[in-house]
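Here's a quick briefing to read alongside the fold. Have the sequence and the 3D view open and follow along.

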Amino acid sequence: MAHDPNTASVICLPGNLGSLAKLAGNGANYLMPTIRIQSLPDSNYRLDATDGQVLVTVRGTDPRASADTPAALPEEGVLVPAPVWAAAYQGLKAGDTVSLAVNGKVTLSARGRTVEADPVEGRSPPPSTPC
C-alpha cells in the first residue's frame, strides 16, 4: 500500500542501531551527517549511513506491522540528522526498541525519552552510485 502523507508514519526499530550516527560523521566532509530511512514492501525498512568512504545498509522488518500496513514513509525515504539519531539511541541496549514517527517532523522515542527534529531536506545518492 502507498504512503498516506496525512497520517503519522511510525516504524519500530531495534535499539542497537545507534552507531549509525557515528558512521554518518560530523559533516566535516561534503556529506550531510544523516541516516536515510526508507519503507520497503512487506513492512520492511532500510537504513543507510555513509561517511563518503564506507556505506552501511541495515534492513529489517517492523515487528508491529502486517502485510496490509501502508508504507510508513514516502518512497524516497526520510533523512534524519545524525545528532538527533545519536541522542535517541543514547544509553539503549540491544533489546530496547525505538519508535520513529514522521508527521512533518521526525520523532524518535525510546525508554520515555523523545527527540524531535525537522527532516533534512535533500536526498542521498543511490547506494550503487560511486562516491
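Strand S3 (residues 44-50) is joined to S4 by 7 bridges, and the two run antiparallel. Before going further: this is a predicted model, where local features need pLDDT of at least 70, side-chain atom pairs count only at pLDDT 80 or more, and totals for chains, interfaces and linings use all residues. Residues are numbered from 1 along each chain as its sequence is written, and side-chain values use heavy atoms, with hydrogens and water left out.

**Sheet with S3 and S4**

- Helices (H or I, at least four residues) and strands (E, at least two) are DSSP runs, numbered from the N terminus, and two strands pair if DSSP finds at least two bridges between them.
- This open sheet has 4 strands in the order S4-S3-S2-S5, with antiparallel pairing.
- Its edge strands, each pairing on one side only, are S4 (55-61) and S5 (78-81).
- Neighbouring strands here are turned by 25 degrees against each other on average, direction ignored; axes are lines fitted to C-alpha atoms (for helices, over the stretch in contact), and angles run from 0 to 180 degrees between N-to-C directions.

**Sheet with S1 and S8**

- Another open sheet of 4 strands goes S1-S6-S7-S8, again with antiparallel pairing.
- S1 (9-14) and S8 sit at the edges, each pairing on one side only.
- From one strand to the next, the twist averages 20 degrees.
- S1 pairs with S6 (residues 97-103) over 6 antiparallel bridges, and Ile-11 has Leu-100 in S6 as its bridge partner.
- S7 (residues 105-110) and S8 (residues 113-117) pair antiparallel over 5 bridges, with Thr-107 opposite Glu-116 in S8.
- S7 and S8 make a hairpin with 2 residues between them, and Arg-111 in that turn has a positive phi of about 50 degrees.

**Helix H2**

- H2 (residues 82-89) lies across S2 (34-40), S3 and S5, at about 70 degrees to S5; contact means heavy atoms within 4.5 Å.
- H2 also lies across S1, S6, S7 and S8, running at about 175 degrees to S8.

**The aromatic pair**

- A search of the whole structure turns up 1 aromatic pair.
- Trp-85 and Tyr-89 are stacked, 4.9 Å centre to centre with 25 degrees between the planes.
- Rings of Phe, Tyr and Trp (its six-membered ring) pair if their centres lie within 6.5 Å; planes under 30 degrees apart count as stacked, over 60 as edge-to-face and the rest as tilted.
- Trp-85 and Tyr-89 are 4 residues apart in H2, so about one helical turn separates them.
- Trp-85 is buried at 0% relative accessible area, and Tyr-89 counts as buried at 5%; buried means under 20%, exposed over 50%, partly exposed in between (1.4 Å probe, protein chains only).
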